[in-house]
Amino acid sequence: MNEDLRNIVLGVVAAGVSALLGWTVRTHLWRRRLRRKQAFFGLPGNSECLLVVNRDPGADGAVHRFDVFALLELSALIKDCGANAQILQHDVAQQGFGERTEFCVGGPGSNRRTAAHLSSLLPGVKVNTDVEPGPDRGAFQIGSERYRLESGGTEYVLLARLTAGEGGRPVFLFCGQRAITNQAATRYLARHHEKLARRHGSNSFVLLLKVVNTQAYGPDVVELVADVTRAAQSPAPAVTPDPDPAPAPAPSRKSHRAKG
């Protein structure tokens, strides 16, 4: 074998070894990221999870189109983890939590399952579900803070990862003031789940997100307002009624003498 041929063979072997090492490293990194993603969502390969969907009260019980988009966002995450999803309407999802990961979409006004989770797991969160128009319609009360809905301008949504019950599988809540904010929260989770996993690990968290100018930007412009986990998990502060006003003093009686 002459020197030129030997150099060619060595070059081919070196290229093959480099390609194999590169593929091995990339595969290892991909598998590690997948395991972290599966652990954060509680979705090991071939596992089952629940997608609990609400119903739009203003459309004869149909699912709002933005909630359908939210389900599509979540379906992509579930597929990436190699898991399978079962879709249930909120009024037929009568089972405990912890055995299977659950994704619950919608606020308590349109999703009974969300209302149950808020009552059991997040006693510090109150949502105004009045159907009559008013300044507090749809408002969030978290601890002592109130967040009002400005439709099309500033709207809020709670994104929560909660762990409770046997099995330790999490419940993800997407509790928005409007359907478009539910989609905004699912999109935020899809974009930032790695950062959230590094920050919170397998612990519970409750994030308050603000969706800005949905009339112009749809569900794309989302800002993190605060981590409200402690306030949301603490009992709601008691509302102290205003004290009764002190009774007005009785008018004094003065004797008047007629002038002669």
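Phe41 is buried, with a relative accessible area of 0%, where buried denotes under 20% relative accessible area, exposed over 50% and partly exposed the range in between (1.4 Å probe, protein chains only). The structure is a predicted model, in which local features require pLDDT of at least 70 and side-chain atom pairs count only at pLDDT 80 or more, whereas totals for chains, interfaces and linings use all residues. Residues are numbered from 1 along each chain as its sequence is written, and side-chain values use heavy atoms, with hydrogens and water left out.

Phe41 takes part in an aromatic cluster together with Phe40, Phe103, Phe172 and Phe205. Rings of Phe, Tyr and Trp (its six-membered ring) are paired if their centres lie within 6.5 Å; planes under 30 degrees apart are classed as stacked, over 60 as edge-to-face and the rest as tilted. Eight aromatic pairs are present in the structure. In the pair of Phe41 and Phe172, the ring centres are 5.4 Å apart and the planes lie at 40°, so the pair is tilted. This pair links distant parts of the chain, with Phe41 in helix α1 and Phe172 in strand β8, 131 residues apart. Helices (H or I, at least four residues) and strands (E, at least two) are DSSP runs numbered from the N terminus. Phe172 likewise counts as buried, at 0% relative accessibility. The rings of Phe103 and Phe172 have centres 5.2 Å apart and planes at 10°, so this pair is stacked. Here, too, distant parts of the chain are linked: Phe103 belongs to strand β3 and Phe172 to strand β8, 69 residues apart. Phe103 is buried, with a relative accessible area of 1%.

The chain has six helices and 10 strands. Seven strands form an open sheet with mixed pairing, in the order β2-β1-β3-β8-β7-β9-β10; two strands are taken to pair if DSSP finds at least two bridges between them. Strands β2 (84–89) and β10 (222–227) stand at the edges with a single partner strand each, so one side of each lacks a neighbour in the sheet. From one strand to the next, the twist averages 20°. Helix α4 (residues 179–200) packs on the sheet, touching β3 (101–105), β7, β8, β9 (205–212) and β10, and its direction makes about 45° with that of β7. Such axes are lines fitted to C-alpha atoms, for helices over the stretch in contact, and angles run from 0 to 180 degrees between N-to-C directions.

Within the sheet, β3 and β8 run parallel and are joined by four bridges, with Glu102 opposite Val171 in β8. Strand β7 (residues 154–163) pairs with β8 (residues 170–176) in the antiparallel sense over seven bridges. Strands β7 and β9 run antiparallel and are joined by eight bridges, with Ala160 opposite Val206 in β9. Eight of the 10 residues of β7 are buried, so this strand is largely enclosed by the rest of the structure. In β8, both faces are covered: Pro170, Phe172, Phe174 and Gly176 on one side, and Val171, Leu173 and Cys175 on the other, are all buried.

A nonpolar core is a set of buried Ala, Val, Leu, Ile, Met, Phe, Trp, Tyr and Cys residues joined through side-chain atoms within 4.5 Å. The largest such core holds 28 residues, of which Phe41, Leu43, Phe103, Phe174 and Leu189 touch the most other members. Elements contributing two or more residues to this core are α1 (3–41), β1 (48–53), α2 (65–80), β3, β7, β8, α4 and β9. A second, separate core of 22 residues includes Leu50, Tyr147, Tyr156 and Leu208. Beyond four places in sequence, the contacts of Phe174 (heavy atoms within 4.5 Å) include Leu74, Phe103, Val157, Leu159, Thr186 and Leu189. Thr186 is found in helix α4 and counts as buried at 0% relative accessibility. Apart from residues up to four places away in sequence, Thr186 touches Ala70, Glu73, Leu74 and Phe174.

Ser120, by contrast, is exposed, with a relative accessible area of 54%, and is found in helix α3 (residues 112–121). Ser120 and Gln233 are 113 residues apart in sequence and 9.4 Å apart in space, C-alpha to C-alpha. Across the chain of 260 residues, 37% are buried.
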